[in-house]
Amino acid sequence: MASKDERDQQCKRQQEGEEDPHPLSMGLIALDEEIEHAPAHTAGFLLCGSASGECAMTNQMPICPVCDGVVYIPSDAMENELVSCAECGTELEIMCLAPIELELAPEVEEDWGE
Amino acid sequence: MRIALLVTHIRAEEKLILAAFNKRDISPDIILDRELNFDITCGAQQLAPSGIAWREYDLVFERCVSTSRGMYALAILNSWGLRAFNTYETAATCSDKLRTSIAFMKRGIPQPHTRVAFTPESAMQAIEDVKYPAVLKPVTGSWGRLLARVHNRDSAEAILEHRQTLGDYNHHTYYVQEYVDKPGRDIRAFVVGNRTIAAIYRESNHWITNTARGGLATNCPVTDELDDICARAADAVGGGILAVDLLEDARGNFVVNEINHTMEFRNSSQPTGVDIAQEVIDFVIGQIGVVA
Ligand SMILES: Nc1ncnc2c1ncn2[C@@H]1O[C@H](COP(=O)(O)OP(=O)(O)OP(=O)(O)O)[C@@H](O)[C@H]1O
Ligand SMILES: [Mg+2]
Ligand SMILES: [Zn+2]
């Protein structure tokens with residue numbers, strides 16, 4: 001796994017690089033509109049790499065590190081946001097947006113909460 | 001205006017908070033608690049992980065899900081004279097149920113009958129003093145974890161032995177409460193400054209009604225009586241941006257159960273019709289420039 005510095009560098013490069021646009025700023029967003037039939041809780045989420053295999057960015061599909069399932073990423077996703085894998089329920093953290101990089105979210109610790 | 005949002009990671013609440021700041025044309029710097037590395041003696045001129053000196057921030061808004069990280073960060077930042085929400089004093093009191101009970105007692109805030117003991121034997125006596133069913137809680141912790149409702153001596157003995165054997169020293173402070181015979185729900189009220197901006201009932205078939213544990217949130221009208229007890233309870237722990245949890249006892253009177261200083265509210269704006277994030281952020285912004 002890339003060290004944090006390498007990852008940050010990579011994030012910076014990717015975000016600044018003009019010829020390598022953010023996957024969320026291209027074709028994928030359009031899918032948003034196409035999933036109106038999806039249940040309410042997925043509305044606004046990108047269905048990337050669906051069973052139909054129609055994802056425009058096949059090589060950048062966010063894959064769950066636990067079950068290899070494709071993970072829904074909200075269209076307004078942010079770095080360090082938590083998302084969960086719809087297939088196996090694992091909680092994941094978005095470490096980088098371009099390209100999307102997911103890691104297992106840290107385990108809940110005893111002092112976590114409100 | 002420069003604001004730092006201190007987080008463990010980004011959850012639904014933090015996104016709502018950022019959106020509320022954006023509505024006021026402010027984009028806070030997000031600072032991850034995992035990247036903090038303070039030099040205690042060097043003060044606020046040292047750089048934050050954002051690359052900006054801490055003293056450049058008009059305000060630090062602490063939203064860490066990690067209670068200890070958030071609390072110690074506040075301790076340091078407050079000690080350097082930085083304005084932060086909530087304050088360290090408030091966070092330290094709210095993160096500890098025993099310290100909260102003491103704060104309530106000092107101000108005469110009604111609360112469940114509570115006893116504290118430090119060994120399994122004296123805790124057993126405390127349980128029998130408050131009578132069955134009794135409630136045992138860790139003094140720190142949240143989301144209803146490791147709470148126990150104890151109906152008889154057999155289960156009390158088992159729980160005490162487990163806590164003494166399997167728990168670390170934190171679990172050897174036995175915080176024992178009477179069970180408040182509430183009507184299948186409790187109340188979560190959101191207090192911002194000295195105002196109760198909204199409240200929800202949390203209904204459940206389970207005696208633990210937290211929404212994190214499946215409790216259903218519906219609107220609870222903020223009456224003058226509710227506003228008054230919540231504002232006084234919030235003030236008793238130092239005030240700020242707080243979620244006050246109350247129980248209604250068998251006679252319909254309010255008792256304050258506890259106060260949370262890093263409140264979750266993602267499920268509460270919809271039933272109450274109150275934009276909680278915006279209320280919080282407008283309060284926070286309004287505090288900048290106010291003499292502490
Ligand atoms: N003495 C009591 N009598 C009846 N119900 C109680 C009592 N203490 C706690 N409860 C119920 O248990 C649940 C959790 O209690 P409490 O708020 O003390 O724990 P917590 O882990 O700090 O939860 P959170 O911080 O998420 O609100 C609440 O639904 C509350 O109504
Ligand atoms: Mg709590
Ligand atoms: Zn998975």
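1. Ligand 1 is placed between chains A and B. The model is predicted; local features need pLDDT of at least 70, side-chain atom pairs count only at pLDDT 80 or more, and totals for chains, interfaces and linings use all residues. Residues are numbered from 1 along each chain as its sequence is written, chains are lettered from A and ligands numbered from 1 in the order in which they are written, and side-chain values use heavy atoms, with hydrogens and water left out.

2. Around ligand 1 there are 25 residues (a heavy atom within 4 Å). Those that come nearest are K97(B), G144(B), D186(B), T209(B) and E258(B). By class, this shell holds eight nonpolar, eight polar and nine charged residues, where Asp, Glu, Lys and Arg count as charged, Ala, Val, Leu, Ile, Met, Phe, Trp, Tyr, Cys and Pro as nonpolar, and the others, Gly among them, as polar.

3. At least two shell residues are supplied by each of β6 (134-137), β8 (174-178), β9 (185-192), β12 (241-248) and β13 (254-260) of chain B. The largest share, three residues, comes from β13(B). Strands are DSSP runs (E, at least two residues), numbered from the N terminus.

4. Chain A contributes the side chain of E114(A), with an N or O atom 3.2 Å from an oxygen atom of ligand 1. In chain B, a backbone N or O atom of W143(B) lies 3.0 Å from an oxygen atom of the ligand, and a backbone N or O atom of V180(B) lies 2.9 Å from a nitrogen atom of ligand 1. The protein buries 100% of the 610 Å² that ligand 1 exposes when taken alone (Shrake-Rupley method, 1.4 Å probe).

How values were computed. Polar contact = N/O pair within 3.5 Å; in protein donor to acceptor, adjacent residues only side chain to side chain. Helix = DSSP H or I, 4+ residues; strand = E, 2+ residues; numbered from the N terminus.
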